[in-house]
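Let's take a walk through a two-chain model together.

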Amino acid sequence: MPLRRLPALARHVSRTMPWGPLLAGCLAGLVLLAVLAYVADHSRTPLSLAQVRVTFLPALAGLAFVARAPVRPLALAAPAPAWVTPAGQLLLAITVLAVTVAAQLGLVAHTSPPGHALPAIYPLLAQLTGWAALVAAAAAICDRGRYADLGGAVAGPAGLVVIGAGWFTPRVSALLVAPPATDLGATVAWYVITAAALAVTASAQRDPWHRYRLGRRCQRRARGQRRPGPPAPEVS
Amino acid sequence: MTAAGPRPAAAGTGAAGPDDDRWPDPARRRSTAAGTVASLARVEAGLLTRSVVVLAGLVAGGAMVYHFAIAPTRPAWWAATWQIGYGQQILALAVLVAAQLAAGRARRDKLSELYRSFPATARTRVAAQLLGLAGALPASLVLVGGAAIGLELSGVLGRPGYAAPAAGVLLVIAAGAIGIAVGTRFAHPLAGVLAAVALLVPFSQSNRFTDPFIWLFPWVAPDQLGWVPGQLAGYPPAAAHAVMLAAAAGLAGLVALALTAGRRRFRLGLAVAAAAALAVAGVAGAVQLRPIPAADLARLAAEVADPASVQHCTTTGPVRYCLYPAFRAELPALQAPVRGVLARLPQPPARLLTIRQAAQVDFTDPVLTHGHPAALRARWAREVARAPGSASSSSAIYLIAGRWPASGAGAARFSLALAAAEWAVGLPPTAGAVYGDGRAQCVPLNQAREAVAIWLAIRATGAPASELAPAGPGRQSAVYVGGTPVVIWNYPGEGASYLTSLGPQPTQAGYLLAEAMTQLPARRVSRVLDGAWSTWLNDRTSQARLAAALGIPLPRVPALPGEAGPPPGANPVPSSPVCGP
């Protein structure tokens, strides 16, 4: 794609971006963290990175509404690949999420008492990145499924359930949560998960069809029953 | 499709709404409207009952109850009834999301025009959806019932109360009403998810705040719930909390109705009702913030400081078990590992061993003692600081009340068996050391009786070698004795807070010899031990001598990576004493 078309694409991506859900989620998380900071100050219990994790969940819920292509059949007919718009929107969303995390960390640092050092944040950043990738993957999968109409309403809770299961399952949490996992080990594990989730997201974004049924048997049956359609009209 | 689905709920019932002019008779109009609401409510309740979101919430809530109330320790009703609410909280989040999706269905699907053409008005539909929250009751009651069955199967202690489970059910209904209020105003699905997260955050963070206002959160996880050795009235204030949640549910329902109310008179009525609900919530909140009566806290402090004054004691052979009245059912589980040790002793020690429960209640926690004068709180704190369990003892083991697992906890059984075996071989089972302060623990350095004690504990509990295996090379820990590092052995349950204080610090050398002893026929080891029992109990008898008597080589302990000691200029490492006679 020629570079001169990038500004037009950027305008299109930013105009069709679901800013409302994303910003609502990010702001809701920030407001919740501000309330917790007030309560923590009142009860003289300093905030920790755990509160950043919890208050990042609303932003993730907002992200679940981003990875969606509402007029995909139409986009397939356009000259640009159909995945370009959702991919651009995801990139924009990542920027917004990064700003949100930075603001949250700033808030936690601001409320920490003098001399109270926060732990290393690189495992936290890896974890939040992994969570965002999981939610984006869940949203992309839901967008290809039968619950595409509900979009993030299904993908958000589904992503949060996956995150919760990883947090509470003993053997999994031993790998992903530090401690007992080491900071470096947890960071590597989360970036591996991020890479896998992004691969799933990319695969789902490039899939042109809705999958109303799951399982190879159903798909085989569907393929077997497909009748050859009329020849496509030639475009001159 | 679920309650969240796009299908209109009983949209075409054909019944008249309350604002319909076809029924000039007000009485008839009211009865027809009530019939419409009832029939719509039945449909909404059915959709909510079989909603995938609600059913998933039920499963997740059940897992939550198992994780917090059933699995970790032997459950007690006075804590478990409140902990069932942790599962209800998860279910409540799911009901909130499902109810919001249902309430926002018409606008989300851009079918508002179509719905307006139906005889049932928006107010009728909202009223029906509020009544349809009854559809969440089966899931909530199933959760309570399932949890109760699980608790009974785990041998739950005490007797159940009814206020906390009722409050849990009301929490689910209140969350559903909030979901309808949110969905009536905001149709976007994110609104429900955000409201659910806003409900989740206070719950998940409640244990971080030491302030009584946490009772005003929809549900909380108080820190000391599992540590009190019996029912403490007002902790948590379940009845007042149930009233507050009922008022919150009513208030949310009124808000939802107000958002669709058209006539001024009706709005006025809603405002009056909302004011009444607010008043009830305020009164219930104030009741929750009332301090726990000083007499109850004084009694609790006395029970913690002087457990002997309230505990029931049972003597079996040379061992006396003293337990709080509510924990008497734990006696057989405690006796089993100790009996296993006693059965392998050639002769029991002359002095009596006392195994006593000790409660660890923090009286500096404002959630527990708020509202009382600082002097009184300080007095209670001083009183419980003198509680037994923190002083060294050669004939007493102190178990933390409420920490003994329900079943299958090999680590807990091994901890108790090892402490009893240490008593049997003359080592102090209670060193008076708190966790992390290893300096107070003596080290049975190169003492045969250490290996004997570990062997007794392994034989008594049948602990598998895989659970006992020491840390591999490079991951070992050490203590310093006279400036020399000694590789230690961290046994199962050492860091799990089953006992108030640890005994001597086991060494890896002692464990390796004991492990080698378990490879020999038990009869052969018993014959060697029986032959010179008093010699093996002597603190000067070395492990090499015991190994020679058994006819096995003394196992080698892997060397520490930096055995030369701390680098020059580093702070001096505190030295641990060697266990004496």
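Start with chain B: the centres of its domain 1 and domain 2, taken over C-alpha atoms, are separated by 46 Å. Domain 1 of chain B covers 29-220 and domain 2 of chain B covers 303-550, with bounds that come from an automatic or database domain assignment. The two do touch: 13 residues from domain 1 of chain B and 14 residues from domain 2 of chain B take part in the contact. Being in contact here is a matter of C-beta atoms, placed from the backbone, lying within 7 Å. On the domain 1 side of that contact in chain B, there are six nonpolar, five polar and two charged residues. For these classes, Ala, Val, Leu, Ile, Met, Phe, Trp, Tyr, Cys and Pro count as nonpolar, Asp, Glu, Lys and Arg as charged, and the others, Gly among them, as polar.

A quick word on the ground rules. This is a predicted model, where local features need pLDDT of at least 70 and side-chain atom pairs count only at pLDDT 80 or more, while totals for chains, interfaces and linings use all residues. Residues are numbered from 1 along each chain as its sequence is written, and chains are lettered from A and ligands numbered from 1 in the order in which they are written.

Now for the meeting of the chains. Chain B brings 21 residues into contact with 26 residues of chain A. Helix 2 (52-70), helix 3 (77-103) and helix 9 (189-205) of chain B each give two or more residues to this side. Helix 9 of chain B gives the most, with nine residues. Helices (H or I, at least four residues) and strands (E, at least two) are DSSP runs, numbered from the N terminus. By class, the side of chain B that touches chain A has 14 nonpolar, five polar and two charged residues.

What about the other end of that contact? A:Ala24 sits in helix 2 (residues 19-42) of chain A. Leaving out residues up to four places away in sequence, A:Ala24 touches A:Gly62, B:Leu190 and B:Leu194. It counts as buried because it has 22 C-beta neighbours inside 10 Å; the cut-offs are 20 or more other C-beta atoms within 10 Å for buried, 12 or fewer for exposed, and partly exposed in between.

Back in chain B, there is an open sheet of four strands in the order 1-2-3-4, with mixed pairing. Strand 1 (312-316) and strand 4 (396-400) of chain B are at the edges with a single partner strand each, so one side of each has no neighbour in the sheet. Strands pair if DSSP finds at least two bridges between them. None of the five residues of strand 1 of chain B is buried, so this strand lies largely in the open.

|---|---|
| strand 1 and strand 2 of chain B | B:Gly317, about 65° |
| strand 5 and strand 6 of chain B | B:Gly482, near 60° |
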